[in-house]
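Biologist: I am new to this structure. Could you show it and take me through it?

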Amino acid sequence: MAEPVAVDVVVVGAGTAGLAACRTLAAAGLSVAVVEAELAGGAAAYWADIPLDALRLPGEVLLAAQSVPGAQDAVTTTLDAAATLQWRNSLVHHWQDDAAAATLERAGVQLLRGRARITGPRQVSVARLDGGTEVAEAALAVVLATGSAPEPVGEELHSAGAACWGTREALSAATVPHRLVVAGGGPLAAAIAQAYARLGSRVVLAAPDGLLPGWPAPAVELAAASMRADGIQLWRTTGATKATAGGGSLVVELANGHTVDCDALLVDTPRRPLLAGLGLESLEIPSGPGSPGGLRLDALRLDAHGLVQGTDWLYLAGDAAGAGLRSAGSGSTAPGAAGSNTSGSNTAGSSTAGSNTAAFSSTAAADQGRRAAASILAAAGVEDGRASPARGAAGPALAPRMVYTDPLIAAVGPSLEQARHQGLDPTVLLNRVSSADATPARRAGGHADVFSQLLVDPDTSRLLGATFAGPDAAALAQLAALAITARLPAGALLGAAPPPGD
Ligand SMILES: Cc1cc2nc3c(=O)[nH]c(=O)nc-3n(C[C@H](O)[C@H](O)[C@H](O)COP(=O)(O)OP(=O)(O)OC[C@H]3O[C@@H](n4cnc5c(N)ncnc54)[C@H](O)[C@@H]3O)c2cc1C
């Protein structure tokens, strides 16, 4: 076997979190190797954020243009699905990572292609793609930024074979299916269902737990109305129970007794941090209470920088750390848990796909990668070349949670349910504006109806959380995040950015 690769830090996973950690560490002068089993760039670049944007944006833009007299006659009435898929393919670099690999090389980061496994403190074994093995040894730390994976699909649906998609297959599909059944009503299921409906699929969405569970009902109803207008048939209290392939298509059975013929079935299952198979179980790491006889991955405790408690060298970042570090103000959290007084009470290992609790996000992943790197640099006494005084003083990013339907829904801080679970009794300020009152600019968004919900602490008047649905939802959620982080009274936000319709 070749000599071990000896570096200061080994990062496992070259996705959003891993790359952010690599950039920060390399910029500060540390030697870094990153191990990647698939494509440098990770989920966001090839199977999540970017292809989802590519598939949904043409429909959104077309609808916006069609809603404004003067523009509507200048556009065609249907989308060009083939051109949309081509655009998606070019945005994901045809699933080639040469550009990301070159960026790593320019930054001085060594890319080791293969599957990593921890074999001891600061030691990682890499099963290379060519069948060989190499070892990477870190003088300082190992950052696990291995992402998340969907829970397996039950056999009754999975037996449908290749036409049974997860989100990854749905966002990399080579053609638009004529008929698509979406099993699940979470944010990703809803957004993908709508994107395909606008690309020409006849879509049936079967959501046993309802559409967008946990999101404020008025926001959900705006999304539901828009999805229905796109021709989607919504079953909001029934799920898909069985799929049978035959004759080039699928028959999907629903719990309510109906059957639906389709060409593809998207099953959206909850995502979990991807920590299994990494060799963590063999490490002697004291984990949380209730696991005396060995390491339970969901009981790993993390500090606010992702350092696994009981070690001084192992960090988790990004989806692998769950939403635990999203806004961890103090103390330690478990992967998958929302560990702060602002982000809710999601328990370790609980669903993060279907509810408005603690969705994974690229913004949070990048923030966590940088945080892990900053902690490693601080422990080594190395100046963080990228740290600005402002960034150092700030807490972890309060990343908005988004539902990429049209209209967009964006939330920040705890949901009402979470706030109550935390023992808070917030005042709820609701604002819903119907199309009759909409300004021309809002009509141009294609969705004149808008909604906002602000949660305000009655004792301090501070803004605790906010949800917006409508054309400006993302920008308003960013402003609300700022107001929450700065502990501003809700009135300050309302003065600076009146909610939609005011
Ligand atoms: C369908 C979908 C759409 C989404 N859309 C958005 C969006 O629009 N906006 C947003 O903010 N967020 C979105 N998200 C969430 C966002 O994509 C993730 O939170 C983010 O990509 C996580 O980054 P990461 O670096 O933690 O993980 P990843 O990007 O998944 O990177 C992990 C990397 O580790 C590698 N790896 C895993 N195990 C090993 C191993 N043993 N050895 C070597 N390498 C390994 C993997 O191959 C992968 O490249 C979406 C998620 C999904 C599923």
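Modeller: Start with helix 3 and helix 4 (residues 81-91), whose axes come within 9 Å and cross at roughly 155°. Axes are lines fitted to C-alpha atoms, for helices over the stretch in contact, and angles run from 0 to 180 degrees between N-to-C directions. Helices (H or I, at least four residues) and strands (E, at least two) are DSSP runs, numbered from the N terminus. This is a predicted model: local features need pLDDT of at least 70, side-chain atom pairs count only at pLDDT 80 or more, and totals for chains, interfaces and linings use all residues. Residues are numbered from 1 along each chain as its sequence is written.

Biologist: Are helix 3 and helix 4 roughly parallel or roughly antiparallel?

Modeller: Their axes cross at roughly 155°. Angles under 35 degrees count as roughly parallel, over 145 as roughly antiparallel, 65 to 115 as roughly perpendicular and the rest as oblique. The two helices are therefore roughly antiparallel.

Biologist: Which residues of helix 4 make the contact with helix 3?

Modeller: Two residues are in contact if their C-beta atoms, placed from the backbone, lie within 7 Å. Helix 3 contributes Ile 50, Pro 51, Ala 54, Leu 55 and Pro 58. From helix 4 come Thr 84, Trp 87, Arg 88 and Leu 91.

Biologist: What share of the chain is buried?

Modeller: A residue is buried if 20 or more other C-beta atoms, placed from the backbone, lie within 10 Å of its own. The chain has 15 helices and 21 strands. Of its 502 residues, the buried share is 51%.

Biologist: How many residues surround the ligand?

Modeller: A residue is near a molecule if its C-beta atom, placed from the backbone, lies within 6 Å of it. The closest are Gly 13, Gly 15, Gly 42, Gly 147 and Gly 318. The number surrounding the ligand is 36.

Key:
A residue is buried if 20 or more other C-beta atoms lie within 10 Å of its own, exposed if 12 or fewer, and partly exposed in between; C-beta atoms are placed from the backbone.
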